[in-house]
Amino acid sequence: MIMDVIKLGARARTLGRPRDACPYPSESRERRAWYEGYDGSSLEFGARLPHPAATPRGTARVTDGAAGTGAASIPA
């Protein structure tokens, strides 16, 4: 049900409807879901971080300093 409301919000944006065209009452979870779909926050999968339980152990993110791009040098 809520996923359908999110899709309706995304469709409204695609069709060029204004953000204040949400048909759901204020302070309802349906309105929040509609805005989530309209704003596109539920579709930005690349911006999300995986849940720690779904990440294999021992996997670390490589940062610029760890990649050896001039963060620290080893004295010779």
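Predicted model: local features only at pLDDT ≥ 70, side-chain atom pairs only at ≥ 80, totals over all residues.
What does the cover over the buried residues of α2 include?

Residues are numbered from 1 along each chain as its sequence is written, and side-chain values use heavy atoms, with hydrogens and water left out.

Let's start with the whole chain. The protein chain has two helices and zero strands; helices (H or I, at least four residues) and strands (E, at least two) are DSSP runs, numbered from the N terminus. Of its 76 residues, 18% are buried. Buried means under 20% relative accessible area, exposed means over 50%, and partly exposed is in between, with a 1.4 Å probe and protein chains only. The accessible surface comes to about 6400 Å², and carbon and sulfur atoms hold 55% of that. Those areas come from the Shrake-Rupley method with a 1.4 Å probe, and for residues only the protein chains shown count as cover.

Now back to my opening question. The cover over the buried residues of α2 includes α1. Those buried residues are R31, A33, W34, Y35, G37 and Y38.

Several of these names come back in the largest nonpolar core, whose eight residues are V5, I6, A12, C22, A33, W34, Y35 and Y38. A nonpolar core is a set of buried Ala, Val, Leu, Ile, Met, Phe, Trp, Tyr and Cys residues joined through side-chain atoms within 4.5 Å. Helices α1 (2–14) and α2 (29–39) each supply at least two residues of this core, and α2 gives the most, with four.

Please find W34 on the structure. W34 counts as buried because its relative accessibility is 4%. Leaving out residues up to four places away in sequence, W34 touches V5, L8, G9, A12, P18, R19, A21, C22, P23 and Y24. Here a contact means heavy atoms within 4.5 Å.

Next, the rings. How many aromatic pairs does the structure hold? It holds two. The pair W34 and Y35 is edge-to-face, because the planes are at 75 degrees, with the ring centres 5.7 Å apart. W34 and Y38 form a stacked pair, 5.4 Å centre to centre with 15 degrees between the planes. For the rule itself: rings of Phe, Tyr and Trp (its six-membered ring) pair if their centres lie within 6.5 Å, and planes under 30 degrees apart count as stacked, over 60 as edge-to-face and the rest as tilted. W34 and Y38 both lie in α2, four residues apart, which is about one turn of the helix. Together, W34, Y35 and Y38 form one aromatic cluster. Y35 is buried at 17% relative accessible area, and Y38 is buried at 11% relative accessibility.

The charged end of R13 sits over the ring of Y38, 5.6 Å from its centre, while R19 lies over the face of Y35, at 4.1 Å from the ring centre. To count, NZ of Lys or CZ of Arg must be within 6 Å of the ring centre and within 35 degrees of the ring normal.

One last stop: S28, in the loop between α1 and α2. Is S28 buried or exposed? S28 counts as buried because its relative accessibility is 12%. Its side chain reaches the backbone nitrogen of R31 at 3.2 Å.

How values were computed. Polar contact = N/O pair within 3.5 Å; in protein donor to acceptor, adjacent residues only side chain to side chain.
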